[in-house]
Structures are given as structure tokens and as C-alpha cells.
Amino acid sequence: MPKVGMEPVRRKALIDATISAIGERGSLDVTMSEIAGRAGVSSALAHHYFGAKDELLQATMRYLLSELGTDLRAALPGSTGPRERVLAVIAVNFSDKQFQAETIAAWLAFYVEAQKSPALRRLLRVYARRLHSNLMSGLCALMPRSEADRVAEGIAALIDGFYIRRALKDGAPNAASAVAVIEDYLETKLQQHKTAS
């Protein structure tokens, strides 16, 4: 009989093990048995909590999205203006918690799998809409909406691009250089807007 109150702990352990396994393998080509072993539970218990592997993968992606959202909500109250809000959104995506090798590899694997999985594609759309909305909330105060929309798309593409590049590179991810490049892009766009006004 399962111990009362252990389900959330075991579910979290299975999600962490999924991220670890995907990070090590660099793909979603991991088995429930392998994930369960990493989590220290039986394969039967993993199936009990999540059913099929696809459900565990979706839960893992939802967890990554939830963590990103939580980190962003914690960072935004410290923003003193619209520019700082945009910088906070950028910084959260490259925080030590988010921009680590296993998480980066998991994101890349989910992007690849989303080409075949409607459920993962939906989750990636949620991520893209949230990122765009958070960027727009600062950018719209700095420039016209149509221009803000293009700049938000550019920043989102740079964030995704740095995740892809770091997933494919050897060595530790370099968050500081990624943030610096994206901040340079933002400053260039803000300067262009001021010059044109």
C-alpha cells in the first residue's frame, strides 16, 4: 500500500528523473523503466502515477513551464519600469535555475518531439504566447504596438536560438553572453525608435 502523502514527492522525483534522463541522452528516447530507476521507484509505480510515457513527458513539460512562470512572477515586481520589465523577462530565461544543461537539453528534445506530438505542440504554443505577452507588457510602453510586436518576436527568437545553440554545443552554457547579446538587440531597437521619433 502506498504511503500517504508520497504521491507529490514521487511525481516530482519522476519529473526530475525525466529531465535528467533526457538531458543525458539528448532526446526523448528514454524508457519509463529508466526514468523510474533514476527516481528510485518501480516502473509499475511510474505507470500508476502517469500512465504512459507520453503523459509523463507532458507533465515534465508543464512542470518546466510552471517553474519558468513562477520565476518570472517572482522577478517582475522588482522591475521599476517597462524597459526593466523586458530585461527581467530576458534574465529569467537565462537564470541559473533555467539555463542549465539538463533543462536546455529537455527543451530542445521537446521542440523536436512537438513536430509529431500535438499535445507537446500545444504546450510550446502556451510558452510562446506567454513569452510574447510578457515582453509586450513592457515593450508597448516603449514603442508603438506594431514595432513592439516585431521586437518581441526578435527577442523570443534570440532566446530560443540561444537554447538551441547551447544544447548543441559542448561545454557549460554561458548565460551572461546570451543575455548581453539580447540586451544589445533591445537597446539597438530602442535607439532606432528614438531616432525615428
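A nonpolar core is a set of buried Ala, Val, Leu, Ile, Met, Phe, Trp, Tyr and Cys residues joined through side-chain atoms within 4.5 Å. In this predicted model, the largest such core has 63 residues, and the members that touch the most others are Leu14, Phe94, Phe110, Leu139 and Ile155. Two of these names, Leu14 and Phe94, come back below: Leu14 among the buried residues of helix α1, and Phe94 in an aromatic cluster. Here is a friendly tour, topic by topic.

**Helix α1 and its surroundings**

- Helix α1 covers residues 7-25, which makes 19 residues. From first C-alpha to last it reaches 26 Å, close to the 27 Å expected at 1.5 Å a residue.
- After α1 comes glycine 26, which has a positive phi near 80 degrees.
- The buried residues of α1 are Arg10, Leu14, Ile15, Ala17, Thr18, Ile19, Ser20, Ala21 and Ile22.
- Helices α2 (32-39), α3 (43-50), α4 (53-75) and α6 are included in what covers those buried residues.
- Leucine 14, setting aside neighbours within four places in sequence, is in contact with Ile35, Ala36, Ala39, Val41, Ala46, Tyr49, Phe50 and Leu56.
- Phenylalanine 50 also has arginine 11 over the face of its ring, at 4.3 Å from the ring centre.

**Aromatic pairs**

- Five aromatic pairs turn up in a search of the whole structure.
- One of them joins phenylalanine 94 and phenylalanine 162: the ring centres are 6.4 Å apart and the planes stand at 85 degrees, so this pair is edge-to-face.
- Phenylalanine 94 sits in the loop between α5 (82-93) and α6 (101-113), while phenylalanine 162 belongs to helix α8 (residues 145-168), so the pair ties together parts that are 68 residues apart in sequence.
- Both phenylalanine 94 and phenylalanine 162 are buried.
- Phenylalanine 99 and tyrosine 163 make another pair, with ring centres 5.0 Å apart and planes at 70 degrees; because edge-to-face needs planes over 60 degrees apart, this pair is edge-to-face.
- Phenylalanine 99 lies in the loop between α5 and α6, and tyrosine 163 in helix α8, so parts 64 residues apart in sequence are tied together here.
- Phenylalanine 99 has a relative accessible area of 6% and is buried; tyrosine 163, at 10%, is buried as well.
- Phe94, Phe99, Phe162 and Tyr163 form one aromatic cluster.

**Salt bridges**

- Ten salt bridges come out of a search of the whole structure.
- Arginine 38 pairs with glutamate 24, their closest N and O atoms being 3.1 Å apart. This pair links distant parts of the chain, with arginine 38 in helix α2 and glutamate 24 in helix α1, 14 residues apart.
- Arginine 38 is partly exposed at 33% relative accessibility, whereas glutamate 24 is exposed at 62%.
- Glutamate 34 forms a salt bridge with arginine 25, and the closest N and O atoms are 2.9 Å apart. Glutamate 34 is partly exposed, with a relative accessible area of 22%, and arginine 25 is partly exposed at 43%.
- Glu24, Arg25, Glu34 and Arg38 are linked in a network of salt bridges.
- Aspartate 71 and lysine 97 meet through their side chains in a salt bridge of 3.1 Å, N to O. Aspartate 71 is in helix α4 and lysine 97 in the loop between α5 and α6, 26 residues apart, and the pair links distant parts of the chain.
- Aspartate 71 is buried, with a relative accessible area of 16%, while lysine 97 is partly exposed at 41%.

Notes: Residues are numbered from 1 along each chain as its sequence is written. Side-chain values use heavy atoms; hydrogens and water are left out. Rings of Phe, Tyr and Trp (its six-membered ring) pair if their centres lie within 6.5 Å; planes under 30 degrees apart count as stacked, over 60 as edge-to-face and the rest as tilted. Helices (H or I, at least four residues) and strands (E, at least two) are DSSP runs, numbered from the N terminus. Buried means under 20% relative accessible area, exposed over 50%, partly exposed in between (1.4 Å probe, protein chains only). A charge sits over a ring if NZ of Lys or CZ of Arg is within 6 Å of the ring centre and within 35 degrees of the ring normal. The expected span of a helix is 1.5 Å times one less than its number of residues. Contact means heavy atoms within 4.5 Å. A salt bridge is a side-chain nitrogen of Lys or Arg within 4 Å of a carboxyl oxygen of Asp or Glu.
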